[in-house]
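Please look over the sequence and the model below before reading on. The report then walks through the fold, the cores and a few backbone details.

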Amino acid sequence: VVVNAPANVAGNYDALQAVFGPGITMDITANVVEAVDTAGLTTVCDSIATDLTGAIALVDRGACAFVTKVLNAQTKGAIGVIVCNSNQNVPTQAITMGGTEPAITIPSVMIPYAQCQTIRAELGNGLNVTLTTTVDPPLPGELCSEAIVIGAGTHTVDTVASGYGALFAGASNAVSYFYTPAADGLITVRSCGLSDVDTRLVIMTGPDCDPANLTVVTSNDDCDPDNGNFASEVQFLGIGGTSYLVYWDDPWSNNGFDFEIVEDALPAVNGTFTVDMSNEVVSGDGVNMFWSTAQGGGLNVTPMTDNGDGTYSATIALTALDSLGWLYINGAADLANAETVPADCGFANNVLPVLVRGLVVTSVDDFTVPTVCYSLCTVCPISDCAEAPTVFEDLDDYTLGAVGPQSAVWTT
């Protein structure tokens, strides 16, 4: 939006065009008139009382759909609409107005709250503006396709107020970075401890910048909101050579801030595994677990502890991102005593000539694998009763009812 007059507020003002309506295909210049509806409100959710013929209407966000406001202004003769963002918490932010209304034939834009207050004060002084076709080009980082390549260390975001790049609800602006760790590791991205700006952070991966192809790895809005810390922090297991989109947007603030990326070694974690042997005759040699990882170390044998309820458990030391394969053994550590893992949950491997159970360790903390039945993918089914149930009933106090054709074969 270009303010032409009065001179004391003349200049360029950032605005975001609505997704509905014809868009701005040519410059539109007119005086600005504040629209007021029959209820006396500038949100114009009711019929507008103001004559807007040939004017650009100034209306406020809130209380009803954007398309309702614009259509009401159009009905009263407006040739364009400026919607003032009413969110004073983010005074320099506008949002992209959504909605669908085929009857709308005039363009509309939103400007931030602070800018709106500046021009609103001049409504009685010949406020004249142009809705221009000029578009500010995105700068590096303002779009995923223009994401800035960074590495570990501290980085500075000057501002999140470009008018581009927002992928999630509640935001209109975003700044994006591409980060590719050289090796597997525990990655921390945070503005916590470096800034008191209210941020929102999302880590994503994908083959391109199409939002439909991006997968959220992790996200965080506030580090510690209960104690007034509204900066952001995430940790994730980074895979060497994989590019991650580090995305910051502005639902709460578009002020600049610092953030850092810290690379640490993959953490050691303990995994606990339990097998249900209730339907098996357990060998006198007990129950064991064969296991190995794709990262090396050969085949390991770990004895399992009898839990006293038909289940046996073992805890093994692993590292995050280990690719683990394992089998339960009924008896001595010999493959001849191993369970037969069904194909539905079994995996081929390079250590044993049979299918094994498998998982990739995606936890940074100790974890427990759900209990399964020996040689099954699920929990053990309930076995049949050992003997038929006996029902006892005292019929001495029963009174004989109406005699029917079946009475001849009934006895007590």
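What follows goes from the overall shape to single residues.

**Overall shape**

This is a predicted model. The protein has two helices and 26 strands. Its radius of gyration is 34 Å, whereas a compact globule of 412 residues would have one near 22 Å. The C-alpha trace spans about 100 × 80 × 40 Å along its principal axes.

Of the 412 residues, 42% are buried. Among contacts with a separation of 6 or more, 71% join residues 24 or more positions apart. The exposed surface comes to about 20800 Å², and carbon and sulfur atoms supply 52% of that area.

In soluble globular proteins, nonpolar side chains tend to be buried together. Here the largest nonpolar core has 22 residues. Phe20, Ala57 and Val81 have the most contacts inside that core. Strand S5 (56-60), helix H1 (66-75) and strand S6 (80-84) each give two or more residues to this core. H1 gives the most, with four residues.

Ala57 shows how this region is put together. Leaving aside neighbours within four places in sequence, Ala57 is in contact with Val33, Ala35, Leu52, Ala73, Ala78, Gly80, Val81 and Ile82. Another core, of 20 residues, lies apart from the largest one; Val275, Phe367, Val369 and Tyr374 are among its members.

**Helix H1**

Why does H1 count as largely enclosed by the rest of the structure? Seven of its ten residues are buried, so the helix is largely enclosed. The buried residues are Phe66, Val67, Lys69, Val70, Asn72, Ala73 and Gln74. Just after H1, Gly77 takes a positive phi of about 100°.

**Glu34**

Glu34 is found in strand S4 (residues 28-34). Is Glu34 buried, exposed or partly exposed? Its relative accessibility is 26%, so Glu34 counts as partly exposed. Leaving aside neighbours within four places in sequence, Glu34 is in contact with Thr42, Thr50, Leu58, Arg120 and Leu123. Pro6 is 28 residues away from Glu34 in sequence, and their C-alpha atoms are 16 Å apart in space.

**Backbone details**

Pro6 itself is found in the loop between strand S1 (2-5) and strand S2 (11-12). The peptide bond from Ala5 to Pro6 is cis, with omega near 0°.

Two residues have a positive phi although neither is a glycine. They are Ala63 and Ser375. Their values are set out here.

| Residue | Phi | Location | Relative accessible area |
|---|---|---|---|
| Ala63 | about 80° | loop between S5 and H1 | 77% |
| Ser375 | about 70° | segment after strand S26 (372-373) | 23% |

Ala63 is exposed, whereas Ser375 is partly exposed. The cut-off for exposed is over 50% relative accessible area, with buried under 20%. Ala63 has 77%, so it counts as exposed. Ser375 has 23%, so it falls in between and counts as partly exposed.

Note on methods. Residues are numbered from 1 along each chain as its sequence is written. Side-chain values use heavy atoms; hydrogens and water are left out. The radius of gyration is taken over C-alpha atoms; the globule rule is 2.2 Å times the number of residues to the power 0.38. Buried means under 20% relative accessible area, exposed over 50%, partly exposed in between (1.4 Å probe, protein chains only). Contact means heavy atoms within 4.5 Å. Accessible areas come from the Shrake-Rupley method with a 1.4 Å probe; for residues, only the protein chains shown count as cover. A nonpolar core is a set of buried Ala, Val, Leu, Ile, Met, Phe, Trp, Tyr and Cys residues joined through side-chain atoms within 4.5 Å.
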